[in-house]
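Please read them with the model open.

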Protein chains: 2
Amino acid sequence: MNINQSATSPLAPELIEQFRKIVGDRHAITDAADIEAYVTEERNLFHGRSPLVLRPGSTAEVSAICKLASEHKIALVPQGGNTGLVGGQTPHNGEVVVSLRRLDKIREVDTASNTMTCEAGVVLQIAQQKAAEVDRLFPLSLGAEGSCTIGGNLSTNAGGTAALAYGVAREMALGLEVVLADGRVLNALSKLKKDNTGYNLHNLFIGAEGTLGIITAATLKLFPKPHAVETAFVGLKSPAAALKLLTIAQGEAANALTSFELLSELAVDFSIRHGIDVRDPLEAKHPWYVLMELSASSDDARTPLETILERAMEAEIVDDAVIAASLAQRAAFWKLRDEMSAAQKPEGGSIKHDISVPVAAVPAFIAEADAAVVKLIPGARPVPFGHLGDGNLHYNVSEPAGCNNTADYLARWHEMNAVVFEIVLRMGGSISAEHGIGVLKRDELPDVKDKTAIELMRQLKAMLDPLGIMNPGKVL
Amino acid sequence: MNINQSATSPLAPELIEQFRKIVGDRHAITDAADIEAYVTEERNLFHGRSPLVLRPGSTAEVSAICKLASEHKIALVPQGGNTGLVGGQTPHNGEVVVSLRRLDKIREVDTASNTMTCEAGVVLQIAQQKAAEVDRLFPLSLGAEGSCTIGGNLSTNAGGTAALAYGVAREMALGLEVVLADGRVLNALSKLKKDNTGYNLHNLFIGAEGTLGIITAATLKLFPKPHAVETAFVGLKSPAAALKLLTIAQGEAANALTSFELLSELAVDFSIRHGIDVRDPLEAKHPWYVLMELSASSDDARTPLETILERAMEAEIVDDAVIAASLAQRAAFWKLRDEMSAAQKPEGGSIKHDISVPVAAVPAFIAEADAAVVKLIPGARPVPFGHLGDGNLHYNVSEPAGCNNTADYLARWHEMNAVVFEIVLRMGGSISAEHGIGVLKRDELPDVKDKTAIELMRQLKAMLDPLGIMNPGKVL
């Protein structure tokens, strides 16, 4: 996908020199082969181009880069682990890439205050491990955790599988350090849970996808490590049954219910068929499945999980269920879930939607969307799965079985988006629950968002980035 | 306390008529005696004046008021339950008061999505009761809950006693409806837990104390009702011991630890001496006390509470403890805590600070602040108490025993503030943890806040309220 490939004048060599001086020779990359890794992304959906990748090693260097870029009106694209799914981290028009990966220090861990101050380039998994080392939990968890970074997680307000109990990335940040477009450094780092001194600034930058400033560090919340984790794989008849199970589980376990994933039969089927080392946890097939997990502060998560399942079986909500008997079996349940995206590839083209609706509306959404996409493209195969507890579904639709023209199918991407988004909006939902706007959904945004909200977003952009050099063309 | 009592020209009668037409005769108050209740507040610390109090009955009416006020550059002061503690809700300079109390509808309760949409004027206690009726918990809880409103709670980002587990008011709002200075209505109401479509706007208005717009409604999160609640009153030697107990309690109970209040001997002593129907829960006196509460999703909160106390006693962290044996005894523990502010009055003048520091820094803060205030005013009696789990202390200092000139003592308010705030800031803390800035701390703000943060706050104010009509003179 090429976005606005307008001709940009090449960066003057003397400017490249000035940028190079800020970060040092080794960290100013101009070699096309070395740049390649920064302008492409895993799925090869977006391919950008850039004359220069800068790898600053400190907040002061990021500030100097922004100052120089402002003086010469040079557009910048901030980048973390380059795992974003909406093209937000890609220089589509020859912008300078600012890779934050060298800002990888964990500045402080404070177990009494339950906080950890990380620089933007710290890899999520490293942050998780650091928390575990001091007997704490940093709960953010998602597929790309081995390579995505804290700065990227916050810039895109990442969600993931633990949001049900711990919230999205936004809710895990107590404060931020941000470099503004003109190079000013906003020090809003804070270990405070309560601070009512003036306007809430840091939330402006979380989820702004690098268009309002560059996040260079964050104070993150740590949580007590759960003492016991129990995981169940459940077969049931419908999303409505799953919703009833969710209500029982939350009533019984409250915040100890840390995951509640709804999986359609086809999603499970694809994962078993194409996933590596994936097996069906249940003996028979079921129209729908739930993968649920309890993380208890006490030593016993099994009793409440059994209570939930017994009550649901008595009420004929659940048809079959198995609780993982070992860590290996628990890992196998999650493997089935984690392979779900990749397992859709062998089934041909897939038109994907990352949507959310109010939790109560999920069953109606699935019913209406399934009917609408099949009406639009007969034989199209909806493969819904996702975080029911958050009302967030990855509503992916695979091409009809035996389809012999994937390109033609994928060409109807926008048409299908329109059909699905109409239902989402009617139900008070969001067309991007987790992944953000980037360039992928930029052009849809004004149609789906409150008019005043769009006006305020434009005003904020003009206020914080009057020259339009921060990740231009993304979000707005 | 009179703030900037500059002469304001009286509101032209024809303008009063135009405002009156918007809300209807009954709801435009011009009678001085009727206005009195809106321009004074409970403690009589602030006394304002206003020619007109408007009581709109709908968002459309609030919008019309703002539009008219913009056209004629009339300053507005939004007001909820009029319980704020920093003079934010008071018309200090003859502004028009916009009372939101008639916006008191609960628009929707959705138990499957666990959300409740309330208008701004809904009294906090009514919201709590409505949640309880549908077997849910709305956890925000504070002293003024019988009269404060949801709009005021959000505008001031209220904290309270349940913030430890459930967060402050900000964390309980999924979305807002806001009327902007020019009358535009921002519809950012949302039942979604995940929505990454553009900049986070609603957090700008939460904690902005009505200076950026008027919150007219909010979508609030509901939580599962705890099945069991257990409360302990604990005697121990020092804030450091209390911090160790907190760490043990969080490790054992995680999010089930819903309150952890640190109380100094003098605070408890005053409450027992002057509080109504307050008795000492423990046999002997202790230098420090902790009031802690566990709210469990299971039926048993007692076992984990006993485990915590046993471990802490074995480690010689806790010297004595009693677990409430009945609801009445639990209420008595909380009564002792709730009477704490009022019980300081009979002891003469009190210079108050609502501060927070990183949780780990609380013991050092108390030691340093105690030494500093006694050095400043020999005989001054620090009465610290507050939410240790949030690092939030009400660091109140009573006049010396036998002081015969309270006015002279209180005249040193700013001097003592300076001494205490210096320690707070050195420790990375906040000079207003819960109560906000209002007019009370407005002049201190530029000295204690990051310079870039203040610049951004001014830019935001100019962007959202270019005429300066929204609660002028507050915060900035």
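Which elements of chain A cover the buried residues of α9(A)?

1. This is a predicted model. In chain A, the cover over the buried residues of α9(A) includes the strands β12 (228–236), β13 (257–264), β14 (288–296), β18 (381–387) and β19 (392–398), together with the helix α11 (327–338). Helix α9 itself spans residues 265–274, and its buried residues are A:Ala267, A:Val268, A:Asp269, A:Phe270 and A:Ser271.

2. Next, the contact between the chains. Chain A gives 84 residues to the contact, and chain B gives 84 residues. About 6400 Å² is buried between chain A and chain B, with 56% of this on carbon and sulfur atoms. On the chain A side, the residues that lose the most area to chain B are A:Lys194, A:Asn196 and A:Tyr199, which together make up 16% of what that side buries.

3. Polar links across the contact can be listed as well. Between chain A and chain B there are 42 residue pairs in polar contact, counting pairs with both residues at pLDDT 80 or more. The elements of chain A that each supply at least two residues to the side touching chain B are β9 (185–188), α7 (202–205), α8 (239–253) and α16 (451–464). Of that side, α16(A) provides the largest share, 10 residues. By type, the side of chain A that touches chain B holds 33 nonpolar, 33 polar and 18 charged residues. The salt bridges between chain A and chain B number eight. In one salt bridge, A:Arg184 pairs with B:Glu455, and their closest N and O atoms are 2.4 Å apart.

4. B:Asn196 deserves a separate look. Is B:Asn196 buried or exposed? B:Asn196 sits in the loop between β9 (185–188) and α7 (202–205) of chain B. Its relative accessibility is 5%, so B:Asn196 counts as buried. A polar atom of the B:Asn196 side chain lies 2.9 Å from the backbone oxygen of A:Thr156, and the backbone oxygen of A:Asn157 also lies 2.9 Å from a polar atom of that side chain. Neighbours within four places in sequence aside, the contacts of B:Asn196 include A:Glu209, A:Ser430, A:His435 and A:Ile437.

5. On the nonpolar cores: the largest has 90 residues, and the residues with the most contacts inside it are A:Phe138, A:Leu154 and A:Phe205, along with B:Phe138, B:Leu154 and B:Phe205. Another core, of 57 residues, lies apart from it, and among its residues are B:Val234, B:Leu243, B:Ala312 and B:Ile366. In soluble globular proteins, nonpolar side chains tend to be buried together. For A:Phe205, setting aside neighbours within four places in sequence, the contacts include A:Leu154, A:Leu176, A:Val178, A:Leu464 and B:Leu456.

6. Most residues other than glycine have a negative phi. A:Asp135 has a positive phi, near 60°, and is found in the loop between α4 (124–133) and β7 (136–137) of chain A. With 46% relative accessibility, A:Asp135 counts as partly exposed. A:Glu316 also has a positive phi, near 55°; this residue is in the loop between α10 (302–314) and β15 (318–323) of chain A. Its relative accessibility is 68%, so A:Glu316 counts as exposed.

Definitions and conventions. Residues numbered from 1 in each chain as written. Chains lettered and ligands numbered in written order. Predicted model: local features only at pLDDT ≥ 70, side-chain atom pairs only at ≥ 80, totals over all residues. Heavy atoms only, no water. Contact = heavy atoms within 4.5 Å. Buried area = accessible area lost by both parts, 1.4 Å probe. Salt bridge = Lys/Arg side-chain N within 4 Å of Asp/Glu carboxyl O. Polar contact = N/O pair within 3.5 Å; in protein donor to acceptor, adjacent residues only side chain to side chain. Helix = DSSP H or I, 4+ residues; strand = E, 2+ residues; numbered from the N terminus. Nonpolar A, V, L, I, M, F, W, Y, C, P; charged D, E, K, R; others polar. Buried < 20%, exposed > 50% of the residue type's maximum accessible area, 1.4 Å probe, protein only. Core = buried A, V, L, I, M, F, W, Y, C linked by side-chain atoms within 4.5 Å.
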